[in-house]
Amino acid sequence: MSRENVEIVARLVDAWNQANVEAMLALFDPECEVIFPPEVPEPGPFHGHTELREWAEGFLAAWESHHAEVVELIEADHSIVAILHLIGRGSGSGIEMDETDAHVFTFSDGKVTRWRNFSDRSEALEAAGLRE
């Protein structure tokens with residue numbers, strides 16, 4: 001597994017946990033693309049730093065607390081499948097979130113060029129060209 005890409009994912013999760021959008025954006029290519037499942041409010045796609053910033057700031061503002069923990073990292077060509085456990089509490093609603101989902105981060109020249117989110121590990125592996 002590319003040590004550099006693993007480190008980028010670790011820094012991305014750390015930036016997310018600190019709600020540090022600037023540190024997060026620094027890890028993404030300026031022409032990045034971000035796509036979430038259709039059942040997610042605002043699934044995107046989001047293109048570039050401006051759209052990613054708007055989405056991230058809006059998402060983080062909606063949560064009183066939000067924490068991601070890496071469960072597993074799987075290498076696939078120029079991508080890493082990251083299984084993340086997410087815990088949070090909504091700001092206004094108080095709704096609790098406790099879920100594990102899968103993210104596929106694709107890299108080029110030390111930056112994330114594409115971030116896709118899946119509710120299912122097997123879907124993420126398939127999207128990354130892998131099988132269970």
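These legends describe close-up views of a predicted model.

**View 1. The sheet has 6 strands and is open.**
Read across the sheet, the strand order is S2-S1-S6-S5-S4-S3. The pairing is mixed. Which strands stand at the edges? They are S2, residues 46-47, and S3, residues 63-76. Each has a single partner strand, so one side of each is left without a neighbour in the sheet. Helix H1 packs on this sheet. H1 touches S1, S3, S4, S5 and S6. The direction of H1 makes about 170° with that of S3.

**View 2. Strand S6 pairs with S1 in the parallel sense.**
S1 covers residues 28-35, and S6 covers residues 111-118. Their pairing runs over 4 bridges. Look for glutamate 33: opposite this residue stands arginine 114 in S6.

**View 3. Strand S6 pairs with S5 in the antiparallel sense.**
S5 spans residues 96-108. How many bridges join S5 and S6? There are 7. Phenylalanine 105 stands opposite tryptophan 115 of S6. Threonine 106 has arginine 114 in S6 as its bridge partner. S5 and S6 form a hairpin, with 2 residues between them. In the turn, aspartate 109 has a positive phi of about 50°.

**View 4. Strands S3 and S4 form a hairpin.**
S3 and S4 pair in the antiparallel sense. Their pairing runs over 12 bridges. Alanine 76 stands opposite serine 79 in S4. Between the two strands of the hairpin there are 2 residues. Here aspartate 77 takes a positive phi near 50°.

**View 5. Helix H1 runs from residue 3 to residue 17.**
H1 has 15 residues. From first C-alpha to last, H1 reaches 21 Å. That is close to the 21 Å expected at 1.5 Å a residue. Which residues of H1 are buried? They are Asn5, Val6, Ile8, Val9, Leu12, Val13, Ala15 and Trp16. Just after H1 comes alanine 19, with a positive phi of about 55°.

**View 6. Arginine 3 is in helix H1.**
Is arginine 3 buried or exposed? Its relative accessible area is 59% and the cut-off for exposed is over 50%, so arginine 3 counts as exposed. Now find phenylalanine 107, which is 104 residues away along the chain. The C-alpha atoms of arginine 3 and phenylalanine 107 are separated by 12 Å.

**View 7. Helix H3 lies across S1, S2, S3 and S6.**
H3 runs at about 55° to S1. H3 has 14 residues and reaches 20 Å from its first C-alpha to its last. That is close to the 20 Å expected at 1.5 Å a residue. The buried residues of H3 are Gly48, Leu52, Trp55, Ala56 and Leu60. Seen down the axis of H3, these residues fall within an arc of 120°, so they line one face of the helix. What covers the buried residues of H3? The cover includes H1, helix H2 (21-25), S1, S2, S3 and S6. The face turned away from the buried side carries exposed residues: Thr50, Glu54 and Ala61.

**View 8. Tryptophan 55 and tryptophan 115 form an aromatic pair.**
The whole structure holds 11 aromatic pairs. In this one, the ring centres are 5.9 Å apart. The planes stand at 80°, so the pair is edge-to-face. Tryptophan 55 lies in H3 and tryptophan 115 in S6, so the pair ties together parts that are 60 residues apart in sequence. Both tryptophan 55 and tryptophan 115 are buried. Ring pairs also build a cluster, linking Trp16, Phe28, Phe36, Phe46, Trp55, Phe59, Trp63, Phe105 and Trp115.

**View 9. Glycine 129 lies in the segment after helix H4.**
H4 covers residues 121-127. Glycine 129 is exposed, with a relative accessible area of 64%. Valine 71 is 58 residues away in sequence. C-alpha to C-alpha, glycine 129 and valine 71 are 20 Å apart in space.

Terms used: Residues numbered from 1 in each chain as written. Predicted model: local features only at pLDDT ≥ 70, side-chain atom pairs only at ≥ 80, totals over all residues. Heavy atoms only, no water. Pairing = 2+ DSSP bridges. Buried < 20%, exposed > 50% of the residue type's maximum accessible area, 1.4 Å probe, protein only. Expected span 1.5 Å × (residues − 1). Phe/Tyr/Trp six-rings, centres within 6.5 Å; stacked < 30°, edge-to-face > 60°. Contact = heavy atoms within 4.5 Å. Axes fitted to C-alpha atoms, helices over the stretch in contact; angles between N-to-C directions. Arc of directions from axis to C-beta.
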